[in-house]
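Please look over the notes below with the model open beside you.

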Amino acid sequence: MTTAALEPLAGRRCQNVLNSLHATHYFSPDLGRELGAVGITRPHAVNFAVRAAALGPVGAGAVAAAFYNYKYELVARHVPAVWESATPGQVLAARTRAVDATLRRLLGDQTLASAEMAEAARLALRATEACSRGARPLYAAHADLPVPEEPHLAYWHAATLLREHRGDGHLAVLMSAGLDGLEAMVTHTATGKGMTPKWVFTTRGWSQEDWDAATDRLRERGLLDGAGELTERGAALRQEIERETDRLDRAPYEHLGPEGVARLTDLGGAFAHAAVTAGAYPADLLGKA
């Protein structure tokens with residue numbers, strides 16, 4: 001029997017809806033509360049700690065390398081000092097409590113206890129069976145963490161693994177394309193699908209001067225026009241980056257198969273839509289301005 005081929009963009013669409021739910025905790029007041037309870041109160045320190053904790057008590061260099069698009073000087077202001085406030089193990093436990101509270105608030109206890117949530121967790125975890133650790137530090141670190149017992153936390157854990165698996169591969173593609181961390185963000189924002197400059201400055205540590213310098217470099221390469229919009233060459237590069245990222249990330253979704261991917265996308269899409277409708281994200285997070 002011939003196995004049906006996976007539609008080219010199916011894996012990307014599936015990962016997008018999974019990531020939409022994963023990322024809700026970064027904008028959740030529950031995260032600040034739980035991290036504050038273990039002594040981490042500054043927003044940037046919270047962000048670095050929760051995402052890097054799986055790596056252990058690493059320094060600024062390791063975090064800047066793994067995260068790629070944060071200004072090193074911002075990272076160094078908080079890492080490794082953050083580990084003096086709480087150990088990585090304490091941070092991971094606090095993050096789990098925050099995720100639990102966030103999902104309960106956004107989706108409701110009934111959805112979290114539903115058969116659909118349990119099914120989504122099973123499907124997402126099955127997809128992770130085909131992820132690979134090689135050259136994927138954030139994925140590999142999270143893959144060493146135990147799978148939570150509760151279905152909604154197991155689903156979130158699997159979504160995290162699939163997010164970091166794709167993300168690590170994406171960074172390799174950006175490097176191959178010759179885009180540094182800020183240049184990658186400038187070109188992504190120019191597509192209309194990335195963070196607005198305001199949120200880049202607020203969360204990544206870059207300034208308007210840094211942004212303008214990156215824009216000038218991209219103009220010199222013919223990737224942006226005088227108005228800061230993608231040129232035909234720039235748009236083609238962004239499309240090629242996404243296609244190559246898809247190629248590096250196809251194994252989990254091929255392992256799950258077309259029917260499983262379609263079902264997980266439907267389930268995950270419903271959860272993500274409910275979370276967005278409940279106000280999970282700032283209204284001005286994405287766009288060109």
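1. Start with the exposure of Arg97. Arg97 has a relative accessibility of 39%, so this residue counts as partly exposed. Remember that you are looking at a predicted model. Arg97 forms a salt bridge with Glu34. The closest N and O atoms of the pair are 2.9 Å apart. Arg97 sits in helix α7, residues 88–107, and Glu34 sits in helix α2, residues 29–37. The two are 63 residues apart, and the pair links distant parts of the chain. Is Glu34 buried or exposed? Glu34 is buried, at 14% relative accessible area.

2. Next, take the pair Asp249 and Arg166. Their side chains meet in a salt bridge, at 3.6 Å from N to O.

3. Arg247 forms a salt bridge with Glu244, and their closest N and O atoms are 2.6 Å apart. Both residues lie in helix α15. They are three residues apart, about one turn of the helix. Arg247 is partly exposed, with a relative accessible area of 42%. Glu244 is also partly exposed, at 23% relative accessibility. Salt bridges with shared partners also build one network, which joins Arg12, Arg166, Arg238, Glu242, Asp246 and Asp249.

4. How many salt bridges does a search of the whole structure find? The search finds 24. Side chains of opposite charge can pair when their charged atoms come close.

5. Turn to the packing of two helices. Two packed helices are described by the angle between their axes and the distance between the axes. Helix α1 covers residues 10–22, and helix α16 covers residues 251–277. Their axes come within 8 Å and cross at roughly 35°. The crossing of α1 and α16 is left-handed. On the α1 side, the contact residues include Ala10, Gly11, Cys14, Val17 and Leu21. On the α16 side, they include Tyr253, Leu264, Gly268, Phe271 and Ala275. The residues of this contact divide into 11 nonpolar, six polar and one charged.

6. Check the cysteines. How many disulfides are there? The count comes to zero. A disulfide needs the sulfur atoms within 2.5 Å. Cys131 is in no disulfide either, and its nearest cysteine sulfur is that of Cys14. Cys14 is buried, with a relative accessible area of 0%. Cys131 is buried as well, at 13% relative accessibility.

7. Some backbone angles deserve a look. The peptide bond from Val79 to Pro80 is cis, with omega near 10°. Pro80 is in the loop between α5 (72–78) and α6 (82–85). Tyr68 has a positive phi, near 75°, and is a residue other than glycine. Tyr68 lies in the loop between α4 (60–67) and α5. Ala135 also has a positive phi, near 60°. Ala135 is placed in the loop between α9 (115–128) and α10 (137–143). Which of these two is buried, and which is exposed? Tyr68 is buried, at 18% relative accessible area, whereas Ala135 is exposed, at 75%.

8. Last, look at Thr24. Thr24 is in the loop between α1 and α2. This threonine counts as buried, at 2% relative accessibility. What does Thr24 touch, leaving aside its neighbours within four places in sequence? Thr24 is in contact with Thr102, Leu103, Leu106, Ala275, Ala280 and Tyr281. Thr24 and Thr203 are 179 residues apart in sequence. In space, they are 15 Å apart, C-alpha to C-alpha.

Methods. Residues numbered from 1 in each chain as written. Predicted model: local features only at pLDDT ≥ 70, side-chain atom pairs only at ≥ 80, totals over all residues. Heavy atoms only, no water. Axes fitted to C-alpha atoms, helices over the stretch in contact; angles between N-to-C directions. Helix = DSSP H or I, 4+ residues; strand = E, 2+ residues; numbered from the N terminus. Left-handed = near helix turned anticlockwise from the far one by under 90°. Contact = heavy atoms within 4.5 Å. Nonpolar A, V, L, I, M, F, W, Y, C, P; charged D, E, K, R; others polar. Salt bridge = Lys/Arg side-chain N within 4 Å of Asp/Glu carboxyl O. Buried < 20%, exposed > 50% of the residue type's maximum accessible area, 1.4 Å probe, protein only.
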